[in-house]
Amino acid sequence: MTFKLRPVAMALPLALLLAGCASGDDGAKEPPPPTVTVARVEQRALDGGLSASGRLIPREEVAVAPELSGYRIARVLVEEDARVGAGQVLAVLDDTLLRSQIDQARAQLSQQQVAYEKARMEAGRVAGLDNQGVLSQEAIDQRRIAARSAQAAVGVARAQLQDLLTRQRRLIVRSPVAGRVLQRSARPGEPSASGTVLFTIARDDLVELDAEIAEAAMGTLAIGDPVVVTLASGAKVNGKVRLLGARVDNQTGLSRARIALPVNPDLRPGGFAQANFVKESAAVLTAPEKAVHYDADGAYMLQLDKGDRVHRVSVRTGRRAAGMVEILSGAKPGARAVLGGGAFLLEGDRVRAAPGGKA
């Protein structure tokens, strides 16, 4: 027996399938908004946190150079890294040529003194003979003038001798200050040249850190602020802000802060060090560091409005500590800032705060 399928029976399942597909299309919904974690911008205590790096330099570098030229360096008495006192002899120049000139000047002074003594005695013999007719007044005046001239010649010879003796004393190169010898360029046998530096000394062995500070952070520092300086060796030294730069470099946008450090043999000028500025705890406006982003326009935050929509806000930052950053401007207390996923969010996007976030 042969059976035939009715067209109506075959069309019924197909119609039901198409109806089901149509029903699914009508019930489609928009995808849910992305989930982000947020944190509040709030007032809280923040201890320091600003860090900077720089080079160790002498607080005051003293250059020692000979005052006379053309004299051979006879002896060098100190080496680099030596501690010297004020007035200590650093080097001695050869005075052989000067000694002969001094002997000559002494002999000339003796001659002038003898001549003056003779002239003084001859002038004494005519004392009281004015207008007596024994000698003419002209002869009397000549003897008196000769005595005064001889006396002046003695003064000139004595001054010349004193000048040579002063030069001889200047052949001994002394340290003008107490401190540490940073560099020695004097070598025995070389001729001296006025103005050529033979020694460089760090006065009182004082070394400080010349730290580079961002312009925005300069306003958070003050003279006397405590600083912890970490040396290249890992050793830590406590210091204080001694001086704040008066200008900002127009190329780098950085200013400078001088950090005074105690006398320490481990502090070597030219070395690298890092400064961590530690200010007393104070209530400031803060946000997590993860909430602050940077691009070519500077620092910014992605904040949420009441409708959970994203808005980009430019901010100015200050100190950092324990994962928090000080917000100097651009945000208000209580504002909600996006912590993660900022690279995928656009202005005006609607988001949903994660259940674990601080909404």
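This report describes strands, a helix and ring contacts in a predicted model.

## The four-stranded sheet

Four strands form an open sheet with antiparallel pairing, and their order across the sheet is β5-β11-β10-β7. Because β5 (61-64) and β7 (83-84) each have a single partner strand, they stand at the edges, and one side of each is left without a neighbour in the sheet.

## The hairpin of β21 and β22

Strand β21 (residues 316-321) runs antiparallel to strand β22 (residues 324-329), and four bridges join the two. Arg320 has Val325 of β22 standing opposite. Two residues lie between the strands of this hairpin, in which Ala322 adopts a positive phi near 55 degrees.

## Helix α2

Helix α2 covers residues 96-125, and its 30 residues reach 45 Å from the first C-alpha to the last, which is close to the 44 Å expected at 1.5 Å a residue.

Its buried residues are Leu98, Ile102, Ala105, Leu109, Ala119 and Ala123. An α-helix has 3.6 residues a turn, so residues three or four places apart point the same way. Among the elements that cover the buried residues of α2 is α3 (137-170).

## Aromatic rings

Zero aromatic pairs are found in the structure. A charged residue does, however, sit over a ring: Arg312 lies over the face of Tyr300, at 3.8 Å from the ring centre.

How values were computed: Residues numbered from 1 in each chain as written. Predicted model: local features only at pLDDT ≥ 70, side-chain atom pairs only at ≥ 80, totals over all residues. Heavy atoms only, no water. Phe/Tyr/Trp six-rings, centres within 6.5 Å; stacked < 30°, edge-to-face > 60°. Lys NZ or Arg CZ within 6 Å of the ring centre and 35° of its normal. Pairing = 2+ DSSP bridges. Expected span 1.5 Å × (residues − 1). Buried < 20%, exposed > 50% of the residue type's maximum accessible area, 1.4 Å probe, protein only. Contact = heavy atoms within 4.5 Å.
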